[in-house]
Amino acid sequence: MMDRNDHDEHLIETVFRNGTITVVGVVLSFSLGFLTQWASNPIPWTIADLPTLFLISIGVGLQLRSLALLLRTESLKKSVYDRASRYFLRGIVTTGSGVFVAIVIDTVRLLSERQPILKNLAALFLP
């Protein structure tokens, strides 16, 4: 809870914080939706999918941490709000990196089925 001795700390507007909570919640739901969709991909999983799973899971965890911080009343303090924002931005970058890795891996797999040269290249990186 916020202490009465915290008057010296800068506070943010509740309307601004509430808008941020909405944005974090929407982006988190899209991230979880992508993770669910990716997990049900008809292409069988291999060891090469672990970096994608790791990145997206860490990114979702960072976004969840951000939401948890923002839902507390202490998030009206600018320092707490800024920390939650940093968690959120790190979560977006990490999740986006995981999505990019998933696209690259799936593209290499699909192209390797069609191009014999790429098949040899894919065999070096994808089991």
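Predicted model: local features only at pLDDT ≥ 70, side-chain atom pairs only at ≥ 80, totals over all residues.

Biologist: OK. How many helices and strands does the protein chain have?

Modeller: Four helices and zero strands, taking helices (H or I, at least four residues) and strands (E, at least two) as DSSP runs numbered from the N terminus. Along the sequence the pattern reads α-α-α-α.

Biologist: And how do helix 1 and helix 3 pack?

Modeller: At an angle of about 25°, with the axes 11 Å apart. Axes here are lines fitted to C-alpha atoms, for helices over the stretch in contact, and angles run from 0 to 180 degrees between N-to-C directions. Helix 1 and helix 3 are therefore roughly parallel to each other.

Biologist: Which residues make that contact?

Modeller: On helix 1, they include Phe16, Val23, Val27 and Phe34; on helix 3, Tyr81, Phe88 and Ile92 are among them. Contact means heavy atoms within 4.5 Å.

Biologist: What about helix 2 and helix 3, at what angle do they cross?

Modeller: Roughly 160°, and their axes come within 7 Å. That makes helix 2 and helix 3 roughly antiparallel, therefore.

Biologist: Back to helix 1. How far apart are its end C-alpha atoms?

Modeller: They are 37 Å apart, which agrees with the 38 Å that the 26 residues of helix 1 (residues 14-39) should span at 1.5 Å a residue. The expected span is 1.5 Å times one less than the number of residues.

Biologist: Which residues of helix 1 are buried?

Modeller: Arg17, Thr20, Ile21, Val24, Leu28, Ser31, Leu35 and Trp38. Buried means under 20% relative accessible area, exposed over 50%, partly exposed in between (1.4 Å probe, protein chains only).

Biologist: What covers them?

Modeller: The cover includes helix 2 and helix 3 (78-114).

Biologist: Switching topic: how many aromatic pairs are there?

Modeller: One. Phenylalanine 16 and tyrosine 81 form a tilted pair, 5.6 Å centre to centre with 50° between the planes. For the cut-offs, rings of Phe, Tyr and Trp (its six-membered ring) pair if their centres lie within 6.5 Å; planes under 30 degrees apart count as stacked, over 60 as edge-to-face and the rest as tilted.

Biologist: Where do the two partners, phenylalanine 16 and tyrosine 81, lie?

Modeller: Phenylalanine 16 lies in helix 1 and tyrosine 81 in helix 3, so the pair ties together parts that are 65 residues apart in sequence. Tyrosine 81 is buried, at 8% relative accessible area.

Biologist: And threonine 52, buried or exposed?

Modeller: Buried, with a relative accessible area of 0%. Threonine 52 sits in helix 2 (residues 50-70). Leaving aside neighbours within four places in sequence, threonine 52 is in contact with Trp38, Gly98, Val101, Ala102 and Ile105.

Biologist: Last one: how exposed is serine 79?

Modeller: Partly exposed, at 40% relative accessibility. Serine 79 lies in helix 3, and its C-alpha is 8.2 Å from that of glutamate 9, although serine 79 and glutamate 9 are 70 residues apart in sequence.

Technical notes: Residues numbered from 1 in each chain as written. Heavy atoms only, no water. Parallel < 35°, antiparallel > 145°, perpendicular 65-115°, else oblique.
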